[in-house]
Each structure stands twice: as C-alpha cells, then as structure tokens.
Number of protein chains: 2
Amino acid sequence: MLYEFFEKVYALEKQGKGIIKLNVGEPDWKPSKQAVRTANEALRNGKTNYGSAAGEMQLREKLAELHGCKPSNIVITPGSKFGIHTLLMLSLSKGDSITFFSPHWTAYELMCKSLGAELRIVKLSLEDKWKADVSKIDISERTKFIILNSPCNPTSQAMEEKEEKELIESARKKGVHVIADDAYRDLCFDGRKERQLEEGLIIANSFSKTFGMTGWRIGYMVAPEEIAKRLISHIQITVTNVPVFLQLGAARALEDKKKIADKVRRVCRRRAGIAIKTIGDLTAIAKPNAGFYIFPKLLGKMDGLQFANLLLEQGVAIAPGAAFGDFQQHVRISLCAEEKKLALALGVIRNMLSKAE
Amino acid sequence: MLYEFFEKVYALEKQGKGIIKLNVGEPDWKPSKQAVRTANEALRNGKTNYGSAAGEMQLREKLAELHGCKPSNIVITPGSKFGIHTLLMLSLSKGDSITFFSPHWTAYELMCKSLGAELRIVKLSLEDKWKADVSKIDISERTKFIILNSPCNPTSQAMEEKEEKELIESARKKGVHVIADDAYRDLCFDGRKERQLEEGLIIANSFSKTFGMTGWRIGYMVAPEEIAKRLISHIQITVTNVPVFLQLGAARALEDKKKIADKVRRVCRRRAGIAIKTIGDLTAIAKPNAGFYIFPKLLGKMDGLQFANLLLEQGVAIAPGAAFGDFQQHVRISLCAEEKKLALALGVIRNMLSKAE
C-alpha cells in the first residue's frame, strides 16, 4: 500500500504537479562532492567491468575496520533492503517466524509475506513513547530472526544501548540471530559509536541516509563468515555485483563519515524540534531522539490514509500510518526538504489538522 | 564452480598477477562516451534520488518502441540475470520444471537449483553443430518455462529464426511461456531485427554485451503487463530501483544502438575467424554464427578444468566446460581482449593444446 501510494506520487510529479515530498525516507542533503567526483572519475576511466560479488576489497576493508570485524564478514549489496531480503530468503524454512517491533518499516512485512514467513509483531504504544520492553519478547523454537530497527522507521525512536544489548544477549542464548537494521543509526541525536559485530548479531547498513546516497543503491551486510558466503553466492546468481565505480565513490564518502554524520545529525535534531513546535499541539506525538521522521497520531475523525490523500491534493505528500502496522490514525512525515519548503509543508499540514479537528 | 573459478582469478589479479581474462563474458569495448557523459552529468546534477521501481519512463518508452509493446511491459532490472531470477522465483511452485538446451549458461542451473525447480535439460551435441531439434522438446504439465538463449552462451550458436518461432508457437499452444534470454542477440552475425513481444513470450535483455556496460548492472524484462507488475513489486522490496543516473546513461547509449551493434558485430565475427584459425585444427569446434565465445572440445586426455587451471598458471584465464553442463572435455573461451592480447593468449592456448595432445 505504501509503495502504491509512492507510485501515485511519482505519477503526479510526472504530470508536472509540484509536490513537496515528505512521504519518502529520502534525505534532501546530497552525496559529498568528493564521492560524486570519485565515482564520476571511475566511470569515465572505465571502471565499468564486472567485479567481485562480495564487493570491492578497499570498501570492505574500511567497513570491517568500522565494525570491528574482518573484510570477509562484509558483503556489499544494492541497498540494505536487498541484503535483508536475501538473508531471510536463504534462511527461512516453512513455519519459521520473524519477530519485530511495530510500528515497523513496511518492507519487513512485505518481505516476510512474500517469503511465507510468520510475523511475530510486538506492538508498541505511543503512550509508552514507543519504548520496547525487551523482556516481553517471546523467542520460540521457530523464531528465525529478530529484526532490531533502532532508530526505528517510522517513529525515529532509538532504543537505549543497554536494552539493545539485553535483546541481543537474550536472543543469543536461544541461538537466534538479531538483524540490526542500522540505516538510521548514525542519526541518533546522542551520537553513538559504530555498532560492532558480535556473536548472534547480523548488521544491515546503508549509505542512503547518512550520506544522502539513496539513488546510488548501495548498502552492506556485516555477518558471520558462513552467512556472508551464502549472501555472496546469491549475489552471483542475481545482481552479480554492485557497480564498482559506485563502490569507489562510497569508499570516498566513508573517509568523511564523522564530519558528514555530525552535520546531518544536527540538521535532524533541529528539524525534529521545528516539526514538534509546528504541529505537536494538534497531534499526539512522541519526541524523536534520532532520524528524520515523526509519526504523529491524528486527533480528529479522519484516518491517516484519508488525511494523506487530502494533503496530496494540497501538494504535500506524506505516508499513511497503516503502512507501518496497526496504526491507522497515524501518519509518517519525513522531515526531508530544504527548510523553507519544509516549513511551508508543515504549515499546510497544521492548517489541515486544524480543519480536521 | 564457475563463479568460484572467477573469484580465484580475481584473487590472483589482486595479488598483482597479470592475467589475460578470457574467462568472463565481458566485452573489451567500453560504454559509449555519450552514455558515460550523460550518466556523469546526471550524477553530478543530483539525479541521485530514489526512482520508480519499474524504471525511468524515458528509458521504458524507448525500449517499448524497440520491442513493439507498451512501456508498461518494460521493467528495468539490475542486469538481466536478476530479472530472470526474479521471474523464476515468483512463478515456481514445488514440482515445476524449467526446460533449456545444454550447453547452457551456468546461472540457469544455479538459479533453478537454489529455487528448487526441476531441470529438464535438452542436451545438444557438437556433432550436430549444437543445433536444437525443436520437435524433441517435451512440454509437460509441470513445465513452467522454456529458456531460449539464442545466441547461446557458451556455444555462440544462434538458432534459426524460423525454429525460434516454432518453439515459441509450440510452447504457447500448451500455455507455457518461453523466456528469451537475448543478452547476445545483437551479436548475431546475420544482424537480426529486434525481437518483438508476443503472446507466450517474455524477453530478458541486457545493456552489458552490446554496449560494453557490464559493470553498470542494467538490463530489462519485456513481459505481459500482469507479470511486469509482479516483477515491479519484487523490485520494491529488494533493490528499490536501478540508479536513475545510470538509466539515463543507458537511454543515451540506446540512441546509438544501430551504429554500436553494427560495429561490435563486425568485431565479433572477425575474432571468431581468428580463433578458429588459431586453434581450430587442435580442437573439435563448431564455428560460431554469433557472439564472442568459442566452446571447443579438447582432443587430449586432459579435461577442461585441468586445462583451465594449467592455463591460468600461464597467465590466461578461460572457463571450464563443465560449468555449462555435461561437457567436461570442453572449455569456453571468451574472445574479449584487445586484439594483440587476444592473439597472444590464443597463441598460449595453442601451445598448451599442442603439448596436451
């Protein structure tokens, strides 16, 4: 439903309709000039051959250093979503289940359904500020993975690191892997250290959000070697490899990671403040501690989809909450637009919220 | 086994060993300057956002025109292999079988095995010059697809167009789709027209070979609309989309397709002649009518893998025949190197063939 809504937005844009797109999880900051220049030069200089399915060694080495592991634990993928999908596809047997907290990223549910996995959704509540009670997670014999998306898309709440550790620890004791989907981790307002690979953990990460490189389609998995090998074999029979010239650009981006992450983290924190200030009083909302989404609950009679459709007519695209689980009264607003535009869009949203009450 | 061999070659290269790589199906011609420039500009100008999972409309429109169909029949994929894998994955039920001729491209077999499909391999013989007798294809109730790879990787034999039509016709009558994997079709020495979409047919195609764009990872599927929609849904939950800036480059390459295809077709024909002349008398071989491979049978006691391993020590990489079916005595030589290098490598191969006898 989310992606259908997105395609509707693309179609309207194609018709020339001016839309402020706060529906997609897509930063308005651009890839660094150095990364673009490196990729462009590599493309121009003919780095356009097939490459290793595992990824370019220089990129894997850099990532291994960040995550406290070996290059053989790193697999470069066309986005972290592809990495997670591949991992699930290769690992699931009939009857296996996947556990994750909800609100949750749409793609987890779509993947599990398309792969025939059972969903074990642990529903969180706005009243508890979306806090997860790790002790409530029920790990059964058929639990294959627990997906930990912290910070979470759509709530932009990061779990306390202590709780994350408890979760990984309790899963490990039962022989279950936690998949940490860390697409937004660099955007924790408290500026966390890189997640280190440990037993019982698989990390999925992306260049999309921190580096503003969504359209490059480049991410990576950090996994025990035997799992990494299976991912690589699957890449061999599907996408072959991520374009080498793009990997070289990504490696260049990584050199400035600290500077870039510090900067975009500040931007995210400021925008979260602006959003809460603009529409906080007309919705029920938990203040984000990371990332660039807000996930308010509408207080009127209108549900999230109706609200999103009406708002689209006003030239502002947001995502209906139902796309993220059993949250029909919510909407997800991605605070990703140049700030004058963002203020304008938030104004339009405020206006419609006032009317909807 | 093929991809393991390839990774071995990558590792040797990484160690700084100079290797003439005739193992990979990778043209030595480069993408057109115009295509590179267009992609470079698009990357520099920030065409680095998420795009439609179906692909960029301007590229789909161009491809639809080529293949006599609507843009809604076109799906842009990260390589044609990904498109074929996705199609099989979404379509196969337990007990379904896939039929293809052998020698066959390694990936078909690996895909089918990883997806649990039954292989129905129709073995061709060198004595018949790898000609397929279409009437011998047995289409059962469990036949899901017939893969037609004409010209064929590894034999570089294209089926007569009349026979192709017969095959598609007889499959259609039984409600079975033929997947035409047309990666090499532009390289038929007789210069064929673009394949048109028709009932019972799904076309997989690639920018890799004709345009020398292997490392860009861009291909496409031409399929009935309801199948195209399912492919698009799968792209949404895996790779999201092929990078837009690369699609724009591919669209630019397409504008010069006739000129480019004419040129590389002449190159292929000339190289096939050189190869036959150099090693034809020391092997059993069918003269290609397309593409850039030869698939000779070794006449000595050594099998293809032994020969390939020994040859690798001499700095020339080729692929063992066993990777393409029950053809242990064969090797696949990809005639893709700058021609002085190619002559040198063929000389090394001739030398080893003489010794091996």
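The model is a predicted one, in which local features need pLDDT of at least 70 and side-chain atom pairs count only at pLDDT 80 or more, while totals for chains, interfaces and linings use all residues. Residues are numbered from 1 along each chain as its sequence is written, and chains are lettered from A and ligands numbered from 1 in the order in which they are written.

**The two chains**

Select chains A and B together.

**The interface**

Next, select the residues of chain B in contact with chain A (C-beta atoms, placed from the backbone, within 7 Å). There are 42 of them, facing 42 residues of chain A. Helices H1 (2-14), H2 (33-44), H4 (80-91) and H5 (106-115) of chain B each supply at least two residues to this side; helices are DSSP runs of H or I with at least four residues, strands are runs of E with at least two, and both are numbered from the N terminus. Which helix gives the most to the side of chain B that touches chain A? H2(B) does, with 5 residues. Coloured by type, this side of chain B shows 20 nonpolar, 14 polar and 8 charged residues. Here Ala, Val, Leu, Ile, Met, Phe, Trp, Tyr, Cys and Pro count as nonpolar, Asp, Glu, Lys and Arg as charged, and the others, Gly among them, as polar.

**The sheet of chain B**

Now display the strands of chain B. Seven strands form an open sheet with mixed pairing, in the order E2-E8-E7-E6-E5-E3-E4; two strands pair if DSSP finds at least two bridges between them. E2 (74-77) and E4 (118-123) of chain B stand at the edges with a single partner strand each, so one side of each lacks a neighbour in the sheet. Zoom in on E7 (201-206) and E8 (219-222) of chain B, which pair in the antiparallel sense over 4 bridges. Within this pair, B:Tyr220 of E8(B) is the bridge partner of B:Asn205.

Key:
Two residues are in contact if their C-beta atoms, placed from the backbone, lie within 7 Å.
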